Amino acid sequence: MTWAAQVLTLYPEMFPGPLGHSIAGRALRAGAWSLQAVQIRDYATDTHRSVDDTPAGGGAGMVMRADVLARAVDAVMTPGVPVLAMTPRGEPLTQALVRELAAGPGATLLCGRFEGMDERLFEARPIRPVSIGDSVLSGGETAALVLLDACVRLLPGVMGAAASGDEESFEAGLLEYPHYTRPYEWEGRTIPEVLRSGDHARIAAWRKAKAADDTRLRRPDLIERHGGARGSPPSGARRDNEGE
Ligand code: SAH
């Protein structure tokens with residue numbers, strides 16, 4: 001089955017962009033997913049085909065009109081396919097949400113520009129606002145590319161047999177362990193000895209401990225969020241978090 005991505009944007013020429021290359025590009029050409037970029041301006045009705053207007057209450061910039069956006073969403077909406085709006089005011093994108101979307105039939109993504117979208121759109125249509133992180137982009141297109149990239153690599157067959165993605169960062173509420181490769185010595189630094197031991201149990205234990213340590217150090221918020229992660233990860237990597 002083809003996972004169907006639709007992107008509503010003022011810049012359809014930005015797609016597939018980076019997603020036309022490497023893993024996602026191959027999967028696109030192989031038909032594992034499809035991508036339709038829709039020009040929002042095609043749903044404007046006035047003679048100037050305007051999609052935005054000045055903010056109610058004053059202030060800088062322009063706001064995307066609810067009526068135009070709703071007309072575009074209504075025209076492309078497919079039953080069962082979630083509609084997501086890219087906005088810094090949305091729920092943070094997580095690997096859990098990515099998995100949920102990748103397991104479904106596809107996603108329709110609405111990209112903002114200017115100061116954002118008229119809030120009434122979110123009251124009037126079942127649209128899920130999603131943010132890719134706590135920084136402000138100039139437009140929703142790069143956010144949509146991020147979200148689609150994350151989904152597409154999880155589609156069946158896309159990453160090949162090796163990478164089920166199960167052990168990666170965030171899957172168990174932890175960052176992944178660090179990686180090393182040849183040369184063994186570089187600028188006087190060597191690869192941790194345990195990784196050359198050939199002792200798979202020791203290596204697994206070291207990686208588990210490293211993942212827990214690094215997460216605690218760099219992303220205490222993840223530990224907190226999964227904090228008791230009662231639905232404990234497959235690796236049992238939680239061992240080190242107990243008592244926190
Ligand atoms: N004035 C808004 C920012 C608008 S940025 C505010 O302060 O909340 C313009 C567009 O870029 C947004 O409508 C949105 O589609 C996109 N965008 C910016 N940052 C984003 C983020 N962190 N996640 C998802 N989309 C983002």
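On a 1 Å grid over the protein atoms alone, a pocket is an open set of points with protein on both sides within 12 Å along at least five of seven lines, and its lining residues have an atom within 4 Å of a point. The structure is a predicted model, in which local features need pLDDT of at least 70 and side-chain atom pairs count only at pLDDT 80 or more, whereas totals for linings use all residues. Residues are numbered from 1 along each chain as its sequence is written, and side-chain values use heavy atoms, without hydrogens and water.

The largest pocket has a volume of about 540 Å³, a volume being the space filled by probe spheres set on the points. Its lining comprises 25 residues, and Met 86, Thr 87, Pro 88, Glu 115 and Gly 116 lie nearest the centre. The largest share of this lining, 4 residues, comes from β5.

Around the ligand are 19 residues, the closest being Met 86, Gly 112, Glu 115, Gly 133 and Ser 135; a residue is near a molecule if one of its heavy atoms lies within 4 Å of it.

Polar contacts are pairs of N or O atoms within 3.5 Å. A nitrogen atom of the ligand lies 3.1 Å from a polar backbone atom of Ile 132, and a ligand nitrogen atom is 3.0 Å from a polar backbone atom of Gly 133. An oxygen atom of the ligand is 3.4 Å from a backbone N or O atom of Gly 140.

Key:
1 Å grid on protein atoms, 1.4 Å probe; cavity = no way out; pocket = protein on both sides within 12 Å on 5 of 7 lines; lining within 4 Å. Helix = DSSP H or I, 4+ residues; strand = E, 2+ residues; numbered from the N terminus. Polar contact = N/O pair within 3.5 Å; in protein donor to acceptor, adjacent residues only side chain to side chain.
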